[in-house]
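Subject: Structure for your files

Hello,

Here is the structure I said I would pass on.

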Amino acid sequence: MDGVPVHRNQLILGIESSCDETAAAVVDGAMEVRSSVVASQHDLHAEYGGVVPEIASRAHLERILPVVRKALSEADVSVGQLAAVAAGVRPGLIGSLLVGASAAKGLAFGAMLPFYAVDHVAAHLFAGLLRPTGAGEPPAGADRFPALGLVVSGGHTSLFHLETSGRCELIGRTIDDAVGEAFDKAAVMLGLGHPGGPNLERCARGGDPGAMAFPLPRLASPLDFSLSGLKTKLLYEIRGVPRGRGAAASFERDHLALTEGRRRDLAASFQRAAIAQVLDRLDAARARFETRCLFVGGGVVANESLRAALHGWASRNGCGLVLPEAAFCVDNAAMIAGHAQIRRAAGERGDPLSVPTEPVSLLARGAHPRRVH
Ligand code: KG4
Ligand code: ZN
């Protein structure tokens with residue numbers, strides 16, 4: 001493709017530590033994943049109902065070297081055989097990002113290898129170009145650009161117009177919660193616990209998606225998203241309309257009053273409403289921008305109903321769909337190494353080791369169009 005690397009033996013080690021996953025992976029120049037190791041910290045944060053930044057940074061420190069060693073050994077390579085080292089440097093929790101970025105910079109410096117500072121959102125966007133181990137030679141790609149890009153994760157909900165894999169314009173984003181964050185909060189309201197997205201998807205199986213109607217939010221920009229209305233409507237349905245406001249609000253009942261059937265129906269209805277909003281924004285973007293292909297990524301794309309809906313959307317609109325395997329939708333390091341491969345194939349030589357870690361994605365800043373790195 002359009003920027004997909006071809007030199008198989010050019011191996012890049014990627015490191016990801018932006019939130020609560022410590023990950024390392026080796027990806028070759030044909031975008032084949034030679035190894036991908038992810039150490040999750042879900043158990044450490046579960047009792048707090050969310051990620052505690054200080055606990056996350058300390059856990060990354062303990063895990064980073066064993067995880068990198070495992071990724072190298074599963075790919076059967078040594079640091080000296082690598083072509084480059086890459087790390088996610090933004091966006092994310094600063095303490096967490098620093099652990100992975102510093103490890104990657106140290107390895108690159110010690111072995112005198114190029115270092116690629118990767119934007120996590122851009123890495124999600126192109127994760128669908130990764131190929132499973134042993135996939136053979138990549139097919140000759142048809143021209144996929146201009147394209148639309150969609151990232152739906154716990155921290156991001158962004159819509160892009162892509163001129164090429166390296167030029168990308170932010171055209172829509174959430175004005176409140178990210179889609180994954182809304183799934184997580186809806187799961188808490190339904191009493192489903194952590195991790196919210198997968199639990200809600202499981203609960204929705206067998207539920208009636210038409211049991212509760214959620215209106216599509218109409219915003220100033222038809223390309224922007226809003227999830228907070230869905231969340232509030234669900235909360236009132238489960239617990240009744242509150243008396244009082246904020247922390248002093250008291251509800252008529254709690255989620256324990258739900259029957260199992262009603263819980264399933266509400267989960268299925270919420271899931272359907274979130275997916276309907278995604279499809280509505282894609283329709284609006286498709287009406288404005290020439291679209292040969294849709295690139296999607298981010299944890300929520302692991303959701304089977306959303307995947308089926310995206311396949312349907314692409315075939316109705318006669319465009320290609322680049323969709324990652326579920327393991328490469330949620331946070332992982334193969335997407336970091338993969339994005340570095342795309343940039344290397346486009347002729348980029350890497351970034352200085354002085355590149356800082358930052359809490360916000362360059363892509364979220366909305367200058368038009370931005371280079372993706
Ligand atoms: O991409 P990711 O691992 O981290 C961020 O960059 O945010 O996304 C995590 C998000 C969480 O909100 C999680 O609930 C959601 O992706 N998620 C899902 C599913 N699997 C993960 N949401 C809906 N259905 C799923 N199967
Ligand atoms: Zn992510």
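This is a predicted model: local features need pLDDT of at least 70, side-chain atom pairs count only at pLDDT 80 or more; totals for chains, interfaces and linings use all residues.

Strands

Strand β2, residues 21-27, is mostly covered, with seven of its seven residues buried. The burial applies to both faces of the strand: Glu21, Ala23, Ala25 and Val27 lie on one side, and Thr22, Ala24 and Val26 lie on the other.

β2 pairs with strand β1 (residues 12-16) through five bridges, and the two run antiparallel. One of the residues involved is Leu13, whose bridge partner in β2 is Val26. A hairpin of four residues connects β1 to β2.

β2 also pairs with strand β3 (residues 33-40), again antiparallel, by seven bridges. Here Ala25 has Ser36 of β3 as its bridge partner. Five residues lie between the strands in the hairpin of β2 and β3, and Met31 in that hairpin has a positive phi near 65°.

Helix

Helix α6 spans residues 196-204, and because seven of its nine residues are buried, the helix is largely enclosed by the rest of the structure. The buried residues are Gly196, Gly197, Asn199, Leu200, Glu201, Cys203 and Ala204.

What covers these residues? The elements over the buried part of α6 include α5 (179-189), α8 (260-288) and α9 (304-316). Just past the end of α6, Gly206 adopts a positive phi of about 85°.

Regards

Conventions: Residues are numbered from 1 along each chain as its sequence is written. Chains are lettered from A and ligands numbered from 1 in the order in which they are written. Side-chain values use heavy atoms; hydrogens and water are left out. Buried means under 20% relative accessible area, exposed over 50%, partly exposed in between (1.4 Å probe, protein chains only). Two strands pair if DSSP finds at least two bridges between them. Contact means heavy atoms within 4.5 Å.
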